[in-house]
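Biologist: I am new to this structure and would like a guided tour. Please bring it up, and we shall begin with a single residue.

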Amino acid sequence: MRRLVASAALFLAALSLPAAAGPVPDDVGVNIADGFARPAATAFMAATGRMRADLEALCAAPDAAALAGARAGFAGLVSAWGGLSVLRFGPLPAENRFERVFFWPDTRGVIVRQVQALLAEEDETVLDAAALAGKSVAVQGLPALEYLLHGAGAETLAAAEGGHRCRYGLAIAGNVERIAGDVQAEWAAGAAFHDAFADPRPGHELYRSPKEVAAEAVKAMATTVQFVRNAELLPALGDSVDAARGKRAPLWRSDLTFALVRAQIYAVAGLADASGFAADEAVRRPVETLRLDLVNAGDALGKVAKPAEAAFADPADRDRIRYAALALDTANKTLGGALSAALGLTMGFNALDGD
């Protein structure tokens with residue numbers, strides 16, 4: 001996490017430099033709200049519904065095919081989460097929703113310890129989504145569900161003996177679906193947050209100008225880029241092959257590490273596209289530079305050949321991951337430098353402060 005804090009500090013330093021007034025589209029709020037946030041929230045909501053349905057089918061009639069279907073549904077849910085998770089402002093971080101869906105990093109192995117304890121006790125309270133929502137964030141989100149579907153003992157889900165484990169997974173799906181519904185509702189047209197974001201104006205409590213909305217979006221993009229690079233990739237990569245630890249990457253058991261990371265990276269590019277920043281010639285070049293680095297990073301990770309557990313120690317895959325990390329570092333500098341300056345933004349803090 002020291003690297004994460006250091007990266008955030010560098011970003012802040014860049015954004016605190018004086019910047020010339022720049023063009024921010026008047027409709028930047030509605031562009032992002034309706035062109036990116038609402039579709040992302042809708043896609044995540046749909047994916048949670050499919051996950052719940054897949055687990056209901058597995059719990060009702062456990063067999064290998066149903067387990068495979070639930071695992072496929074989980075892969076789709078992870079990708080949808082990656083697309084939404086860039087929105088680290090407004091509804092998603094409110095009420096600890098982000099951490100309740102995706103508690104990470106977990107440097108102390110809290111998720112596995114707590115989930116294993118609940119399974120060993122056959123705790124009945126985890127079988128109810130509402131009750132589960134009041135428990136530790138480590139046991140109610142996607143990393144916990146991944147352990148149930150892919151961790152030690154997951155094979156029991158294909159038989160009747162995995163009934164408690166399956167119903168616990170179903171409760172997680174229901175909990176995440178409720179969170180998704182809350183986020184979707186707050187981004188819906190006519191909702192208080194949506195309208196405040198889409199139509200900023202003087203006197204509003206949340207956003208008083210398009211520039212404040214633009215600053216929120218740039219901060220969210222930078223936070224995601226830093227988090228992907230410094231919390232999800234570099235700790236597992238280590239400084240050498242011998243220091244690589246694939247099991248420090250998120251979702252390594254399901255081999256969805258790179259699917260998640262790529263979805264997050266492409267979501268940053270999608271948010272930049274939706275903003276309309278590039279409509280102004282003065283801003284177009286930094287947006288294009290940012291997008292190129294993001295796409296290059298995502299494409300490089302798409303070429304990783306080995307499962308996540310082994311990829312970080314494989315020389316060829318390490319090169320791909322290191323290239324992606326370098327491209328993300330360049331993207332972060334573009335966000336904090338050329339793009340922010342072109343938009344005339346001066347930022348005072350970062351969403352990762354204090355993490």
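Modeller: Thr-224 is buried, with a relative accessible area of 4%. (Buried is under 20%, exposed over 50%, partly exposed in between, with a 1.4 Å probe and protein chains only.) This is a predicted model, where local features need pLDDT of at least 70 and side-chain atom pairs 80 or more, while totals for chains, interfaces and linings use all residues. Residues are numbered from 1 along each chain as its sequence is written, and side-chain values use heavy atoms, without hydrogens and water.

Biologist: Which helix is Thr-224 found in?

Modeller: Thr-224 belongs to helix H10, which covers residues 210–237.

Biologist: How do H10 and H11 lie relative to each other?

Modeller: Their axes come within 10 Å and cross at roughly 160°. H10 and H11 are therefore roughly antiparallel to each other. (Axes are fitted to C-alpha atoms, for helices over the stretch in contact, with angles of 0 to 180 degrees between N-to-C directions; under 35 is roughly parallel, over 145 roughly antiparallel, 65 to 115 roughly perpendicular, the rest oblique.)

Biologist: Which residues make that contact?

Modeller: On the H10 side they are Ala-217, Met-221, Thr-224, Val-225, Val-228, Glu-232 and Leu-233. H11 contributes Phe-258, Leu-260, Val-261, Gln-264, Ile-265, Val-268, Leu-271 and Ala-272. By class, the contact of H10 with H11 has 12 nonpolar, 2 polar and 1 charged. (Ala, Val, Leu, Ile, Met, Phe, Trp, Tyr, Cys and Pro are nonpolar; Asp, Glu, Lys and Arg charged; the others, Gly among them, polar.)

Biologist: What about H3 and H11, then: at what angle do they cross?

Modeller: Helix H3 (residues 64–84) and helix H11 (residues 257–275) cross at roughly 30°, with axes that come within 7 Å. That makes H3 roughly parallel to H11. The contact involves Val-78, Ser-79, Trp-81, Gly-82 and Gly-83 of H3 together with Leu-260, Ala-263, Gln-264 and Ala-267 of H11. The residues of this contact of H3 with H11 comprise 5 nonpolar, 4 polar and no charged.

Biologist: Changing topic: how many disulfides does a search of the whole structure find?

Modeller: The search of the whole structure finds 1 disulfide. It joins Cys-59 to Cys-166, with an S to S distance of 2.1 Å. (A disulfide is a pair of cysteine sulfur atoms within 2.5 Å.) Cys-59 lies in helix H2 (residues 28–60) and Cys-166 in helix H8 (residues 163–187), so the pair ties together parts that are 107 residues apart in sequence. The link of Cys-59 and Cys-166 is left-handed, with -105° about the S-S bond.

Biologist: Are those two cysteines buried or exposed?

Modeller: Cys-59 is partly exposed, at a relative accessible area of 26%, whereas Cys-166 is buried, at 3%.

How values were computed
Helix = DSSP H or I, 4+ residues; strand = E, 2+ residues; numbered from the N terminus. Contact = heavy atoms within 4.5 Å.
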